[in-house]
Amino acid sequence: MLQASEISVSYSGHQVVRGFSISMKTGRLVALLGPNGAGKTSALKALNGSLAAAGGAILLDGIPLERFSRRQIATKIAVVAQEAETGFPVSVLEYVLGGRYVHGAYFGWESERDITIARDCIKLCDLGGFERRYMNQLSGGERQRAVLARAIATEAGVLLLDEPTANLDLAHQLEMFKLVKERCSGCGASALVITHDINLAAAFADEIVMMKDGIIRASGTPEEVLTSENLSAVFSVETVLDRNPVNGHIRVTTLHT
Amino acid sequence: MKGQTGKFLILLFALASSLTVAILIGSESISFSRWSDLDRTILFDIRIPRVLLGAGIGAALAVSGAALQALLRNPLAEPYLLGVSNGAALGTMLAIFIAGEVEIIRPVFAFIGAVLATVAVYQMARSKAGMNVERLVLSGVIVTTMLSSIIVLLTSVLDAAKLRSFTFWLLGDLSQASKWGFILVSAAALLGTAALLIQARSLNLLMIGERDAFDFGVEVSRVRALVFGVSAALVGVSVSAGGSVGYVGLIVPHLVRMMVGSDNRNVIPLAAIGGATFVVLADTIARVAIAPRELPVGAITALLGAPLFIYLLRK
Amino acid sequence: MYRSISLPIIILLCILCGCSVRPESPRAETRLVKDDLGRTVTLPVTIERAVSLAPSITESIFAAGGGDRLVGVTSFCNYPEEAKRIQKVGDTVRPNIEAIVALKPQVVFVSTASQIETFTRQMESEGITVFVSDPKDIEGIFSDIRRFGDLFSTSFVASATLNSLQTRIMDVDAFKYEYRPTVFLQISKEPLFSIGKESFLTEIIYRAGGRSVTGDVTGGYPRLSKETAVSFDPDVIVLSDSEDNREVNEVFRNSRAVKTGRVYRIDADLISRPGPRMVDTLEKLSTYLHGEVEK
């Protein structure tokens, strides 16, 4: 379980996150919302140690994050982020197998089990049959799913996702959230998802955290957090809230004249 | 992902063939039926050490190129481009200038020169946002050209007698092989390949992205330092023994990737074999084309490598 | 009667008129000469100021008697003593154009080692003639000395020099010997450089009574494969004495020359300059190959 209390993060000399606290409980999906520049990505990066956190503490299974080696962190925390273009042809299977790096020896080939797990994750993310294709031959959405597959392949208990639905079509956006939710409720993982889609967050998140200007403005269940006042304060938009008539989830609609 | 045994055997065969051909032909023909002292001298004192030196240098440069390309996520990265070769050349020149006949000093100075050049490139490329591949390559180009200018300046100031040898260093020249030369380079090539092979899995991740590598458990700074260090050592030892033999670090890894894909666990050992084959062949041409005169091997690797490179670029 | 006298007078008058009508050139009198590349160039009849861009040419000009007219030489020109005191204008490969022009010479003598075309254009735009000297053998060197004597109006001195040089050569030519030793002339140790077909030293070695093992190799100063070098097994090795060439290349370790101690050194200045001291080289070679030349 990953826990952060009152951490701050600085980037290029500016403090971009202040007094950030979060408790990622097993089986729960937390959505992190906020306008651009709110510090969401920096907070996420601090949680897996990519960015240094000052003040406060980050505890992984009760132990300060600094005490872990990179390898150990990677067995417990997996990241889904915007994926960089690579100049080298890498197949989907090779890419997803990257998630198995921390399992097994430093040097050597992946085991049968590694390959099976990778294949399963590929199928899970609806990329079955794409194994031999090269990453740079896939569409943006397909690549994004491969990124998720890789993260799931690590079998890590904590998933940190930075705008995982950015390039996905409607159907796959839904799929993505479903998958992550399933990992949480079904496999006992915990997930933090940064997203711009408030409605999907409302539908799938167990908890919502809203950030603006580096600090948390609101956190709690979707019902507690998603109010017109909060949305107006954080996003500077007028909204009207109601319930989706089919499934009862909170529905946020922005108003514009 | 293994299953490349077939290709491995093909390349081994190619290496064995090129070594055989190289040992059998030269500017003087050796008669095995009427074996004489002269034949022995030619074969064991001159030809074999030189061929083995070529193999060692080829392996070292190819592997170093492959590793740097993976590290920098750029298939065009190469020791020369990053200033490593010129740093090594400058180090060698200083060693010759200061310690003249003491040969063992040269690879040491070359290594130091290569490392210093790498560090310089690094410092230039670093910004608050962290390491960025474009900045790194650009810094490399700046450092390389700066060092080239210093080399040219020094060779203009030093007297004309030394000038000749330096220009040949910079184009690659395997004729100055001493017995030490090939043993040291071959040992370095073997050790270096092994060291980089151990990092191959990490390099596979680094090749995709530094962020990715970091997130998925690679100790990025450590692996980076190690790969740069080993590459610098490989380049340093090669340049101090035979000058800057260009294109090997660029072409061979590329060709190998075309054969077996990008997995560094395959690319690195195959690049070593491929690099050795390439330089042995190029040097054989250099020795024989206008016999009894010789061409610098770097000219041949460029003549072979450049068209190949253009062809690859267009693919 | 009128006619028979007047015709020659008229012709004489015409000639005289023709003479006075010819436009006076503002410069001193000039003449057209051909240089060693076959270029026809304009030189003043009396040369007052000249620059030499090769040490061999400097020596030849001094030998021909025109040394006092040299106002600029290269940094390598160290012979004779007087040459050292002349203003330096760069080296053979990179002459300093400004320095040359500042000396206001009438002619610049170059060897083909310089980059002829651009240089010539630059000089000619300043009104300076470029004369190329490129002797290919001893006869060529002598012909140059004779020509310099003519150009500098010191034919008397040139002739005296030539006589002395020719006498010395005749002594060498006359020397009787039983066999021709094979000779390897090492220009540089690492990388291994020797002389080839196009080098005049091949002829010099022959004249001195030896045979250059690299006489068939194409080029002037080829870089040689060690395998070939070791298979020559020369009787004699001559080192062109300069800093990077103090020792014999290790491939010759077991050669006849090294085993019998027949390794000689000749100053690189003597070997590399196709000038009057080439005769010194010839004499030294002859001595090394066959012992003292009988006078």
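**Exercise 1. State how many helices and strands chain C has, and what share of its residues is buried.**

Solution. Chain C has 12 helices and 11 strands, where helices (H or I, at least four residues) and strands (E, at least two) are DSSP runs numbered from the N terminus. The model is a predicted one, in which local features need pLDDT of at least 70 and side-chain atom pairs count only at pLDDT 80 or more, while totals for chains, interfaces and linings use all residues. Residues are numbered from 1 along each chain as its sequence is written, and chains are lettered from A and ligands numbered from 1 in the order in which they are written. Of the 295 residues of chain C, 41% count as buried; a residue is buried if 20 or more other C-beta atoms, placed from the backbone, lie within 10 Å of its own, exposed if 12 or fewer, and partly exposed in between.

**Exercise 2. Describe how helix 6 of chain C packs with helix 7 of chain C.**

Solution. Begin with the geometry: helix 6 (residues 138-151) and helix 7 (residues 155-174) of chain C pack at an angle of about 160 degrees, and their axes are 7 Å apart. Axes are lines fitted to C-alpha atoms, for helices over the stretch in contact, and angles run from 0 to 180 degrees between N-to-C directions. Helix 6 of chain C is therefore roughly antiparallel to helix 7 of chain C, given that angles under 35 degrees count as roughly parallel, over 145 as roughly antiparallel, 65 to 115 as roughly perpendicular and the rest as oblique. Next take the residues in contact, a term that requires C-beta atoms, placed from the backbone, within 7 Å: among them are C:Phe142, C:Ile145 and C:Phe148 of helix 6 of chain C and C:Val157, C:Leu162 and C:Leu165 of helix 7 of chain C. By class, the residues of this contact divide into seven nonpolar, four polar and two charged, where Ala, Val, Leu, Ile, Met, Phe, Trp, Tyr, Cys and Pro count as nonpolar, Asp, Glu, Lys and Arg as charged, and the others, Gly among them, as polar.

**Exercise 3. Work out which residues of helix 8 of chain C are buried and what they pack against.**

Solution. The buried residues of helix 8 (residues 200-207) of chain C are C:Leu201, C:Thr202, C:Ile204 and C:Ile205. Seen down the helix axis, these residues fall within an arc of 160 degrees, so they line one face of helix 8 of chain C; the arc is that of the directions from the helix axis to the C-beta atoms. Their packing partners in chain C are strand 7 (182-188), strand 9 (211-212), helix 11 (268-272) and helix 12 (278-290). After helix 8 of chain C comes C:Gly209, whose phi is positive, near 100 degrees.

Technical notes. Two residues are in contact if their C-beta atoms, placed from the backbone, lie within 7 Å.
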